[in-house]
Amino acid sequence: MRAYPYIAEAFPDARLLIVGAYDKEDKDPFVRYARIHNLTGAKFVGRVSSEELASYYKTCDVFCAPSTGFESFGIVLLEAMAAGKPIVSTSIPGYRSVMQDGQEGLMVEPENERALADAIIRLLRDPELGREMGARGRRKAAEYDWPIIANRILSVYENELRKRAEAKRHAE
């Protein structure tokens, strides 16, 4: 929310859609902040179905994940990547495990609203860069497709079984 005024200054028609599972208590301070600062382009969508979520990914220009920590894995980033969207996220361990800064999107220091705004503005000003990052993200997300992951897991088990069989043969 604190980054949005910078973005709106550079792009007066910009909209900020806040989508996700949050309750009224979580949302209230942000709604107050938006009202106090006259952030009319900010809309609180809340929880949506998987189908609706996919449409939000498809229609956004930039996906932003400003988490401050506690994300064990960047599944939300992979979902945006699968939609071919460039990402601006904070540089936290869970996100760094799936996204490389400057490749599928841009990473910034957590809780740095100016850096977050600057990264979003950079992608909005350079749609070609956003398309390139989105394309790289789509390829990266494909690496996490369930059949591929299942085959990798199966490979790990098969290798372990082979090692145990060899160790047993050598022990005999």
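## A parallel sheet

S4 covers residues 87-90 and runs parallel to S3, with 3 bridges joining the two. Strands here are DSSP runs of E with at least two residues, helices are runs of H or I with at least four, and both are numbered from the N terminus. Two strands count as paired if DSSP finds at least two bridges between them.

The open sheet has 3 strands in the order S3-S4-S5, with parallel pairing. At its edges are S3 (63-65) and S5 (105-108), each pairing on one side only.

## About the model

This is a predicted model, in which local features need pLDDT of at least 70 and side-chain atom pairs count only at pLDDT 80 or more, while totals for chains, interfaces and linings use all residues. Residues are numbered from 1 along each chain as its sequence is written, and side-chain values use heavy atoms, with hydrogens and water left out.

## The largest nonpolar core

A nonpolar core is a set of buried Ala, Val, Leu, Ile, Met, Phe, Trp, Tyr and Cys residues joined through side-chain atoms within 4.5 Å. The largest one has 19 residues, and Ile7, Val88, Leu116, Ile120 and Leu123 have the most contacts inside it. Helix H1 (4-10), S5, helix H6 (113-125) and helix H7 (127-142) each supply at least two residues. H6 gives the most, with 6 residues.

## A buried glutamate

Glu104 sits in the loop between helix H5 (93-96) and S5. Why does Glu104 count as buried? Because its relative accessibility is 5%; buried means under 20% relative accessible area with a 1.4 Å probe and protein chains only. Arg131 lies 27 residues from Glu104 along the chain, and their C-alpha atoms are separated by 9.6 Å.

## The second largest pocket

The second largest pocket holds about 250 Å³ of space. A pocket is an open set of points on a 1 Å grid where a 1.4 Å probe fits, with protein on both sides within 12 Å along at least five of seven lines; lining residues have an atom within 4 Å of a point. The volume is the space filled by probe spheres set on the points.

Among the lining residues are Phe73, Tyr144 and Trp146. H4 provides the largest share of this lining, 4 residues. By type, the lining divides into 8 nonpolar, no polar and 2 charged residues, where Asp, Glu, Lys and Arg count as charged, Ala, Val, Leu, Ile, Met, Phe, Trp, Tyr, Cys and Pro as nonpolar, and the others as polar.

Definitions and conventions. Buried means under 20% relative accessible area, exposed over 50%, partly exposed in between (1.4 Å probe, protein chains only).
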